[in-house]
Amino acid sequence: MATTTTISGGGGAGGAGGEDRVMATAQQIVKSLNTTKEVTEDMLLIFSSFDNRLSNISNLIETKTEVDQFEAAEKVIMRWDSNSEASRHTLPWDEAPEEAAEYLAAVDEILQMTEDLAIRSDGEMMDRAESALQVAMTRLEDEFRHILIRNTVPLDADRLYGSIRRVSLSFPTNEGEIMGDFDSFVDDDQENSCYHERGGSLGDDVCVDLIQPDAVAELKEIADRMIRSGYEKECCQVYSSVRRDVLDECLAILGVEKLSIEEVQKIEWRSLDEKMKKWMQAVKIVVRVLLWGEKRLCDQAFSGSDLIKEVCFTETAKGCVMQLLNFGEAVAIGRRSSEKLFRILDMYDALADVLPDLEALFSDELGQFVWSEARGVLAGLGEAAKGTFAEFENAVRSETSRRPIQGGEIHPLTRYVMNYVKLVVDYSETLNTLLESEDDDESDHLQNRDGDNLQLGNAPPIGRRLLLLMSCLESNLTEKSKLYEDNAMQYIFLMNNILYIVQKVKDSELGKILGDHWVRKRRGQIRQYATSYLRASWSKVLACLKDEGIGGSSSNASKMALKERFKNFNACFEDIYRIQTAWKVHDAQLREELRISISEKVIPAYRSFMGRFGNNLESGRNAGKYIKYTPEDLENYLLDLFEGSSLVLHHMRRKTA
């Protein structure tokens with residue numbers, strides 16, 4: 001009791017010193033016994049019950065417990081230090097789940113302690129904790145990278161290509177300009193026709209995972225702790241670096257090369273056309289499939305922070321999107337030529353189709369510039385399409401080849417333009433959108449063409465442009481018909497070409513755009529050309545079969561005059577036969593109708609003339625020299641006309657059955 005009284009009697013500094021000595025003595029006694037942790041805590045509690053001055057010893061117990069916990073966690077982290085010998089022999093993270101769980105628990109322990117105000121006031125402990133966390137974050141960063149790399153799933157491009165629904169449109173394409181050698185163009189019903197394949201549509205149910213689903217939880221475990229530790233920047237950098245490489249590899253698998261604008265503009269057309277097709281497929285697959293998959297992965301791995309997941313996604317995805325957009329920009333500002341129009345429109349449609357997806361994917365402030373760039377490239381492709389279509393119109397208007405087509409056949413310009421225009425119609429919806437704001441300064445030209453202005457009022461923009469284009473083509477063909485010295489052949493050429501145009505219009509959606517009135521008017525023109533042909537070609541023949549100048553009735557007609565008439569008729573008919581068998585009327589029905597029209601004009605007149613005057617010569621010598629053909633002979637010979645192969649009549653009368 002005396003000892004107790006002495007201790008309690010101490011005051012001030014002495015009292016405090018006495019209490020410290022008691023505490024130190026208690027600790028020394030426990031330490032000297034070299035007991036386990038649990039026994040030590042029990043003994044300290046017993047000591048504290050002897051005297052109320054030892055009541056604060058419970059704080060010593062708590063501090064001792066926290067220190068032990070910290071040291072245990074620190075030991076686990078340091079054992080995994082990448083510089084330690086033990087770390088070099090550890091199993092990969094995903095092959096040692098128990099060790100991984102222990103490590104994460106150790107990180108959690110130290111994080112919890114650093115957030116505790118009591119520990120934060122202890123400078124030495126905080127230094128050790130921060131050092132341990134730094135080691136831990138280095139380790140977690142490495143594991144984060146390894147998990148991303150090890151669990152990456154290669155892109156199955158064949159499966160994705162198989163899900164794209166394509167549309168093939170017939171169109172004879174050529175590498176050269178429209179003003180080039182038109183003979184190289186073929187009709188679309190011939191065997192060697194080429195096809196323009198429009199960009200396909202991607203099914204809505206297509207979904208791919210470019211990382212093993214089981215790895216997502218592990219990524220989230222690490223990401224949560226790195227973000228909590230203030231290492232979100234390092235975490236984002238690792239994620240974006242690995243996933244950027246994955247997306248770049250996907251682009252390579254899809255056939256998209258990393259090319260500068262200058263390199264794209266130097267590529268010859270056939271190669272560029274292939275690259276444009278691959279680009280269209282890649283845009284749909286990347287945006288609709290890969291980027292949405294990447295977005296899901298970011299949302300899952302970084303669910304604890306909206307800002308972090310937006311930053312990681314934008315940094316990961318913007319590179320491959322910008323690579324695609326750079327190619328689109330290069331095409332948009334490239335040299336314009338007519339053969340590029342449909343591929344440019346395909347690219348425009350592909351990008352317009354995914355633009356809402358891009359807006360949704362890059363909706364935050366960080367990614368807004370990506371969507372803005374996409375809108376700019378889309379506008380550029382639209383301008384390129386409009387400019388290319390205008391180039392085509394100018395080419396049709398200014399095509400001035402001076403070489404007449406043999407046999408009056410369909411001009412290559414006509415074939416090219418009509419096949420081109422048929423394909424234009426398949427893009428009417430897109431072109432109407434692009435041309436809606438265009439002022440058609442040349443529409444007044446159509447007002448002067450009788451009847452065509454009836455369609456202008458209600459016609460959509462592409463309808464007005466096509467009416468104008470058809471007008472330009474017809475005017476050009478009229479000028480080209482004048483290259484033929486033979487007036488009759490001019491009309492054969494015009495009939496061939498206008499009928500070809502009418503047939504192409506009727507057999508396609510063009511008919512709905514240009515209208516029935518337009519078709520009826522051209523059919524009327526063909527009939528007028530047929531009448532003009534008969535007049536130009538057969539008037540001279542029919543003049544030989546008239547009664548004027550023969551010298552009276554059939555009984556007293558001059559034999560000399562009759563011989564001259566038959567001689568002239570034979571010469572004219574044989575000349576026409578030789579020339580016009582070489583002419584080619586492409587359409588079988590038109591060919592037959594022309595032969596019937598000729599027969600209806602010539603055969604009755606010849607039969608009548610022979611009936612009136614034939615007997616005057618047949619009774620004389622050398623009658624066959626003048627009356628060489630019967631009406632039936634002539635009718636048979638007319639069947640040889642317009643077949644495209646020149647024939648010559650023999651100077652002997654054909655024997656008829």
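**Helix packing and aromatic contacts in the predicted model**

The axes of helix H16 (residues 412-425) and helix H20 (residues 461-481) approach within 11 Å of one another and cross at roughly 175°, so that H16 runs roughly antiparallel to H20. The coordinates described here and below are those of a predicted model. On the H16 side the contact is formed by Leu413, Thr414, Val417, Met418, Val421, Val424 and Val425, which meet Ile462, Leu466, Leu469, Met470, Leu473, Asn476, Leu477 and Lys480 of H20. Sorted by class, the residues in the contact of H16 with H20 comprise 12 nonpolar, two polar and one charged.

A second pair of helices, H9 (residues 214-228) and H10 (residues 232-253), has axes that come within 7 Å and cross at roughly 145°. Here Ala223, Met226 and Ile227 of H9 make the contact with Glu232, Glu234 and Cys235 of H10, and the class composition is four nonpolar, no polar and two charged residues.

These helices belong to a chain with 27 helices and two strands. Of its 657 residues, 48% count as buried, and among the contacts in the chain with a separation of 6 or more, 80% are accounted for by residues 24 or more positions apart.

The aromatic side chains were examined next. In total, 21 aromatic pairs are counted in the model. One of these pairs joins Phe313 and Phe362 in a tilted arrangement, with 5.2 Å from centre to centre and 40° between the planes. Because Phe313 lies in helix H13 (residues 306-332) whereas Phe362 lies in the loop between helix H14 (341-361) and helix H15 (368-398), the pair ties together parts of the chain that are 49 residues apart in sequence. Elsewhere, Trp538, Phe569, Phe573, Tyr577, Tyr606, Tyr629 and Tyr637 form one aromatic cluster.

Two individual residues were considered in further detail. Gln490, which is found in helix H21 (residues 487-506), has a relative accessibility of 15% and therefore counts as buried, given that the term applies under 20%. When residues up to four places away in sequence are not counted, Gln490 touches Ser481, Lys482 and Tyr484. The C-alpha atoms of Gln490 and Lys480 are 8.7 Å apart in space, and the two residues are 10 residues apart in sequence; Lys480 is also one of the H20 residues in the contact with H16.

Phe642 lies in the segment after helix H27 (631-638). Although Phe642 is not a glycine, its phi is positive, at about 65°. Phe642 is buried as well, with a relative accessible area of 0%.

Definitions and conventions: Residues are numbered from 1 along each chain as its sequence is written. This is a predicted model: local features need pLDDT of at least 70, side-chain atom pairs count only at pLDDT 80 or more; totals for chains, interfaces and linings use all residues. Side-chain values use heavy atoms; hydrogens and water are left out. Rings of Phe, Tyr and Trp (its six-membered ring) pair if their centres lie within 6.5 Å; planes under 30 degrees apart count as stacked, over 60 as edge-to-face and the rest as tilted. Helices (H or I, at least four residues) and strands (E, at least two) are DSSP runs, numbered from the N terminus. Axes are lines fitted to C-alpha atoms, for helices over the stretch in contact, and angles run from 0 to 180 degrees between N-to-C directions. Angles under 35 degrees count as roughly parallel, over 145 as roughly antiparallel, 65 to 115 as roughly perpendicular and the rest as oblique. Contact means heavy atoms within 4.5 Å. Ala, Val, Leu, Ile, Met, Phe, Trp, Tyr, Cys and Pro count as nonpolar, Asp, Glu, Lys and Arg as charged, and the others, Gly among them, as polar. Buried means under 20% relative accessible area, exposed over 50%, partly exposed in between (1.4 Å probe, protein chains only).
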